[in-house]
Amino acid sequence: MLSSLAEIPCIHIIASIDHINAPLIWDQGLFSSFNWLWYDVTTYQDYTEETSYENSLLVQQSGALTLSSMTHVLKSVPPNVQGVFNILVEAQLEHKDDISYSGMSFQDLYQKCREAFYVSSDLTLRAQLTEFKDHKLLTFKKGIDGAELLSIPVDASTLQEFKQQEDL
């Protein structure tokens with residue numbers, strides 16, 4: 001919708017993005033329809049305000065706050081990225097009773113995302129997952145066999161509530 005608006009000559013969209021792989025968020029068609037002009041305005045200042053609450057007991061213990069954070073981040077990303085996250089949510093909910101489940105392997109996620117046409121390369125998938133990793137809504141770890149495992153560090157009840165909220 002925004003890319004269609006950006007194609008109108010008298011409408012200009014100004015945006016800011018804080019990631020080195022930002023151009024990978026859009027496919028080539030969307031990227032060209034926005035007709036972005038890129039300016040590097042790096043301040044090299046600390047993210048004091050952004051990160052000041054990350055170790056708060058409230059953030060670590062509140063399911064409602066986590067649910068709100070997940071919802072907010074999901075609404076701020078493109079539909080393809082939302083689909084990727086929903087695949088992870090569904091996989092984690094399917095294995096909620098399995099104590100030995102450590103997460104979904106990156107390769108399995110990549111395969112499912114390719115089948116759903118959410119991504120075209122593993123580099124694109126990694127770029128899309130960065131938003132969730134930055135907000136501590138996704139963790140990466142190595143499995144016993146060396147495979148990279150992804151999991152959402154949220155309890156099953158909060159994930160179930162999130163899924164129900166998204167299905168509405």
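Hi everyone. Of the 168 residues in this protein, 30% count as buried. Please keep in mind as we go that this is a predicted model.

Let me stay with the overall picture for a moment. The accessible surface comes to about 11,800 Å², and carbon and sulfur atoms account for 54% of that. As for the fold, we have nine helices and three strands. Reading from the N terminus, the order is α-α-α-α-α-α-β-α-α-β-β-α. And if you take contacts between residues at least 6 apart in sequence, 55% of them join residues at least 24 apart.

Now, on to a helix pair. Helix 7 covers residues 106-115 and helix 8 covers residues 122-134; their axes are 10 Å apart, and the two pack at an angle of about 105°. Angles of 65 to 115 degrees count as roughly perpendicular, so that is the label for helix 7 and helix 8. Who makes the contact? On the helix 7 side you can find Phe 106, Leu 109, Tyr 110 and Cys 113, and from helix 8 come Asp 122, Leu 125, Arg 126 and Leu 129. By residue class, this contact has six nonpolar residues, two charged ones and no polar ones.

How many aromatic pairs does the structure hold? There are two. One of them is Phe 85 with Phe 132: the centres are 4.4 Å apart with 15° between the planes, and the pair is stacked. Phe 85 sits in helix 6, residues 79-94, while Phe 132 belongs to helix 8, so this pair links distant parts of the chain, 47 residues apart.

Phe 162 lies in helix 9, residues 156-167, and Phe 85 in helix 6, so the pair ties together parts that are 77 residues apart in sequence. Both Phe 85 and Phe 162 are buried.

How values were computed
Residues numbered from 1 in each chain as written. Predicted model: local features only at pLDDT ≥ 70, side-chain atom pairs only at ≥ 80, totals over all residues. Heavy atoms only, no water. Axes fitted to C-alpha atoms, helices over the stretch in contact; angles between N-to-C directions. Helix = DSSP H or I, 4+ residues; strand = E, 2+ residues; numbered from the N terminus. Parallel < 35°, antiparallel > 145°, perpendicular 65-115°, else oblique. Contact = heavy atoms within 4.5 Å. Nonpolar A, V, L, I, M, F, W, Y, C, P; charged D, E, K, R; others polar. Buried < 20%, exposed > 50% of the residue type's maximum accessible area, 1.4 Å probe, protein only. Areas by Shrake-Rupley, 256 points an atom, 1.4 Å probe, with all protein chains shown as cover. Phe/Tyr/Trp six-rings, centres within 6.5 Å; stacked < 30°, edge-to-face > 60°.
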